[in-house]
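Thanks for coming, everyone. Let me put the model up, and then we'll go through it.

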Amino acid sequence: MGLVACGDSSSSPSSKKGQDYCKVVSSEPLVLETLEDGIYSKTSFEYSDERLVEKVEFDDQSIAKFACSSYMEDDDYGVVDCNGKSVVAYSGARLTKDEYKKLLNTFLSMCKDYDEPEDENSNSDPGDSNQLSESKSSSSAQGYQTGLSDYCEVVSENPFVMNMNFMGLPSTSRYSYSNGTVTVETEYENSAVVDSMCALEKNDYSYTNVRCKGNKITADFDETMSEREYTQLVKMFKESCINYKDWGNVETYFESSSSVVEVSSASDEANADGSISWYDKASYKKECVVASNAAELRCAETHEPENLSKYDVAYEFDDPEDLGRDYFGKNNAYIDDKVTPVEAECGSLVLNGSNGLLIPLSETFKSNGFVAEVRFMATAEGNMSNIFVAEPPGSGVDGWQIRLDGSILRFHYRDAKNDYDWQIEKVGEITLNEWHVVNISIGGTSGSSTLYVSISLDGDPRVDAITHGDISNIEYGLGIGYDSMYQELHNQRFFTGKIDYIRYGKDSE
């Protein structure tokens, strides 16, 4: 996360032409005024409900719009409110007051270091001027940086080592694997940020056994991995590093780029080739999903499914020539143009860890109370394997997920207005290469403050909980077997295995 927010320096009354600076306007509350590469911003911080709250005021609305989308697309951020030239963002992780104070001291120290006058005759690297920046994982509340000197470089593949300068904060990360445990050691050039980053990593459920010493943070991944899964993880990190883009001059970027979009829940739009844009990330065509091996299958005549009276949507996957068909005909699923073709067995959908189906959003799924049942067989474990999810990008929208974390089946759900963290119910451990049935029943009505959550696995009750919230504000389409929103760690969210059926019914209200 970066301390520097960006705007048009020409409209700033306090900008210093040709002279970058950081100025402490107030220490209580902490308010920083910055100018970096001609881009002006004013950022204030406060502590509220165990979160760090950052408010950034911009001079240019187009840059504010891009900053807003950057916040919303990152899972590390919590609630993000964008209005005109301002962005208000809440840290995704909860912080103690002591951790919050450490963060502020770090920001204050970096600002003072940054404001040193530079000798015009110095031979220093201009890239060294980005000392004010801090990586997004350091506070889970900071947002946008110019990225003028950002880069990623793969130093070695075995062991996997990469150098990064993300948002102006240089670091080296070294990965290792031993007996199912993945360990990452990250060494920072600026040791001043380590305390605050360490506190946040300890609050991140993705890591365990976090150790911090000097300018290094060492942490183990929470989930165990096979050697094959670790190899895939390294491959994903390598590809992400290689494809890392330096935007160049930020003013030129905004003048020429057509990729700056405001994250919204607007309906899909048709393209000239007949495909339909999927939230600016992918596209699909309203065509039958035909299994790639359909011609090889010889399936017996299918029978009408029984007892579907409580469902509004039913994917039975019994026709290899039309795998996305909703039995009720109103919510058909489609294949994403960016994923590989799906296969089938007679009566089931087969996913290989690189594909899945997407479901356009309809009013049917905007229900606070619903029942969902899935019969599935996992043939490989996954870190965040999505089975059936209404998972929005970012964290400001309601959602829910039925997914595998390793071999553990979990149900995640969120009321973004009530609490922007996911509530997570552990359903139980599943066995690979065996069929399982999970049934989830959420009792509640739109506007209700009480939710009754009942979950069974293979007919055995596993979860019986009462909580508060309303999760009916679903604004994005759904995914079967993958992350249809293309979020961070997208490549880890694929499901590998078979799905016999998925059924969903909303409560009548």
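Which residue in strand 19 stands opposite Tyr-334? Leu-358 does.

Quick ground rules. This is a predicted model, so to speak plainly: local features need pLDDT of at least 70, side-chain atom pairs count only at pLDDT 80 or more, and totals for chains, interfaces and linings use all residues. Residues are numbered from 1 along each chain as its sequence is written, and side-chain values use heavy atoms, with hydrogens and water left out.

Back to the strands. Strands here are DSSP runs of E, at least two residues, numbered from the N terminus. Strand 16 and strand 19 (residues 357-359) run antiparallel, joined by two bridges. That counts as pairing, which takes at least two DSSP bridges.

Now zoom out. Seven strands make an open sheet, in the order 16-19-28-21-22-23-24. The pairing is antiparallel. At the edges stand strand 16 (334-335) and strand 24 (423-429). Each has a single partner strand, so one side of each has no neighbour in the sheet.

Next, the disulfide. The cut-off is a pair of cysteine sulfur atoms within 2.5 Å. The structure holds one. Cys-299 and Cys-346 form it, with sulfur atoms 2.0 Å apart. The link links distant parts of the chain, its cysteines 47 residues apart. Cys-299 sits in the loop between strands 14 (282-284) and 15 (313-315). Cys-346 sits in the loop between strands 17 (343-345) and 18 (348-352). The angle about the S-S bond is -85°, and the link is left-handed.

Buried or exposed? Buried means under 20% relative accessible area, exposed over 50%, partly exposed in between, with a 1.4 Å probe and protein chains only. Cys-299 is partly exposed at 32%. Cys-346 is partly exposed too, at 45%.

Methods: Helices (H or I, at least four residues) and strands (E, at least two) are DSSP runs, numbered from the N terminus.
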